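Please open the structure in your viewer and keep the selection tool at hand, as this tour moves from one selection to the next.

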Amino acid sequence: MESLIAAVREQDEAARFLVWPGDFDLDRGDHAGEGHLASGAALERFAGDGAGGTYFFCGEGGEERPILHADSEGGAALVAAGLPELLRLLLVAPWWRDCRTFTEEDGRELAAEYLEDMPDPADQAYAPLVRN
């Protein structure tokens, strides 16, 4: 099975969509500080965002490992159970970083604000994957 990272790198349009509006760039993995998990498990940088945040795979294994996002201010959170889930999150709700309370109301407000700037993200997200 081909890796999802390799598949994204091969599809320029998909990679561009993930960079914007997803704010996920496979060419950015240069988090300013060294991080570690309290358990001692490994952290592997693999992508970043435009604000200086970094995505890390946690522990040993492949793309199915849990993913931690560390922001440039020192905050960190587990955001996905693996790369497929992270990519779904970025495609469906690229505004996820702005959700501070993760309430239904918070999500609706952020989605409406986001959709004002980008009216049909689903069409744009899946266009590179549709072959004629």
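Select Asp117 and you will find yourself in helix H4, which covers residues 104–117 of what is a predicted model. Asp117 has a relative accessibility of 70% and therefore counts as exposed, since the cut-off for that word is over 50%.

Turn next to pairs of charges. Side chains of opposite charge can pair when their charged atoms come close, and a search of the whole structure finds four salt bridges. Select Glu44 and Arg65, whose side chains meet in one of them at 2.7 Å, N to O. This pair links distant parts of the chain, because Glu44 belongs to strand S1 (residues 43–48) while Arg65 sits in the loop between strand S2 (54–58) and S3, 21 residues apart. Glu44 is partly exposed at 38%, whereas Arg65 is buried, with a relative accessible area of 7%.

Then select Arg88 and Glu85, which meet in a salt bridge of 3.9 Å, N to O. Both lie in helix H3 (residues 83–92), and because they are three residues apart, about one helical turn separates them.

Finally, select strand S3 (residues 67–70) and strand S4 (residues 76–80), which run antiparallel and are joined by four bridges. Within this pairing, His69 stands opposite Ala77 in S4. The hairpin has five residues between the strands, and there Gly74 takes a positive phi near 100 degrees.

Definitions and conventions. Residues numbered from 1 in each chain as written. Predicted model: local features only at pLDDT ≥ 70, side-chain atom pairs only at ≥ 80, totals over all residues. Heavy atoms only, no water. Pairing = 2+ DSSP bridges. Helix = DSSP H or I, 4+ residues; strand = E, 2+ residues; numbered from the N terminus. Buried < 20%, exposed > 50% of the residue type's maximum accessible area, 1.4 Å probe, protein only.
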